[in-house]
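Trainee: I'm new to this one. Could you pick a single part and take me through it closely, starting with how the strands pair?

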Amino acid sequence: MTDADVVVVGAGIAGLTVAHDLATAGARVVVCEASDRVGGLLRRGTVGGTDIDLGAESFATRTDAVTRIISDAGLGLDPVEPRPGGAFLAVAGEGDVRRAALPRRTVLGIPADPLADDVVALIGEEAAERAAAEASLPPYVPGEGDEPSLRALVAERLGPVVADRLVDTLCRSVYSRPAADVRLSDLHPGMWRALGVHGSLLAAAGELAPTSRAGAAVGGIACGMWRLPDALARAAARRGVDLRTGVTVTSIDTDADGLRVRTSTGDLRAARVVIALSPAAAAALSGAPRPAVGGGVRVVAAAIDHDGLNAFPVGSGVIVDPALPSAAKALTHVTAKWPWMPVPTGPTGAHRHVVRLSARDADAGGLETPADIAREVALLTGIPLTAADVVDVVVQDWPDAVAPPADGRAAAADDAPGIHRVGAAVAGTGLASVIPHARALAARLASELSPTSSEPTAAHPTRSLA
């Protein structure tokens, strides 16, 4: 006898997705979560009296993964688009800071038209002409030799200024990895395929780049992304999932009778186990070597009372050039970005704004005090601020938030029979990747556990999902 058809270890969005879909198919599912809350990297915080996201605050709309699970699970949440202001890029000028809107038509910072005014404003005419000259280069043929890093590929085809100022800056901000550590096929398979068809990065970007403003390829949830796992956990519970918080899984053992999951509150028997943990935690539980990841992430939220921010001077926020002397790699002006965010009046009579800063180095410090926040926000927005304007600061560290590179994810997915992994550790960064991967695994496990499945195993017999 088993205690569950499937035990899911971890109640982040990937684990909850697997649990919900399996329970919907009729499986007996137990979820063990070591902390006292669900959500993983989707977490609520409060700054200046306003609930905000201290983890992911948006999702990529390149897939319909988020909106589909909201609909399929009947979560009753409202997806929203950002305000139309778009995002800016702050780059180091000659003794000053240059701020300009992110170019409209780019893919991963690769421009479709390097001579467009919004591109030239950031990289200059000489670098723009160098990038435009890619049309005279021999076509690039993927598969001839090892794929270079994204930085090396772009530098060779379009020049080092585009590679460093646009592509590397966006990679560090969005994916928490330098462009020298990732490959185009990993971050954007569609762009890699288009490069193979056209032989040109510019032509590939021209095919795929959106025509809308930069930053429009993301969505959010009214009142915060943290509401997604909360609602999904409730939906899973309604379908019979046994969700146990404050329960740590210490090991998973295989014997002749199947899988034994040892937890801080006792052992569980299961036909299958799904590990839905951060990369290092998943590796530790499975006994695999710790994956090579890019380090942690530090998010700093602040409430600022200053009417200079009323004009939304940098739109929805700023992505920061690594050459700029800033402790932040990105700033999100939350009040400007999301239409649901309130803009109350503070005690001084100034309007209250909420910002989020992502630290360039999660371990370096320098983004903790009101003075730190005032200095960085002033640098990135051009609005003169003082420590007195910063009325509240909340710091959230995510020490194990960066997904391993593609080859590390492939190795991580190879666990013992009956033990499976989901989440960024194997699917890659972002809900657009994590949710479809989790739903595909849930569908496969439901089929394997079905009495009509043709793939039973001796160690893990099929069982009825009636």
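Mentor: Strands here are DSSP runs of E with at least two residues, while helices are runs of H or I with at least four, and both are numbered from the N terminus. Two strands count as paired if DSSP finds at least two bridges between them. Keep in mind that this is a predicted model, where local features need pLDDT of at least 70 and side-chain atom pairs pLDDT 80 or more, though totals for chains, interfaces and linings use all residues. Residues are numbered from 1 along each chain as its sequence is written, and side-chain values use heavy atoms, leaving out hydrogens and water.

Now look at the open sheet of three strands, which run in the order 5-11-6 with antiparallel pairing. Strand 5 (59-60) and strand 6 (79-80) are at the edges with a single partner strand each, so one side of each has no neighbour in the sheet. In general, strands of a sheet pair through backbone hydrogen bonds, either parallel or antiparallel. Strand 5 and strand 11 (residues 218-221) are joined antiparallel by two bridges. To find your way in, go to Ala-60: opposite it, in strand 11, is Val-218.

Ser-200 has a relative accessible area of 13%, which makes it buried (under 20%; exposed is over 50%, partly exposed in between, with a 1.4 Å probe and protein chains only). Setting aside neighbours within four places in sequence, Ser-200 is in contact with Glu-134, Arg-157 and Leu-195, where contact means heavy atoms within 4.5 Å.
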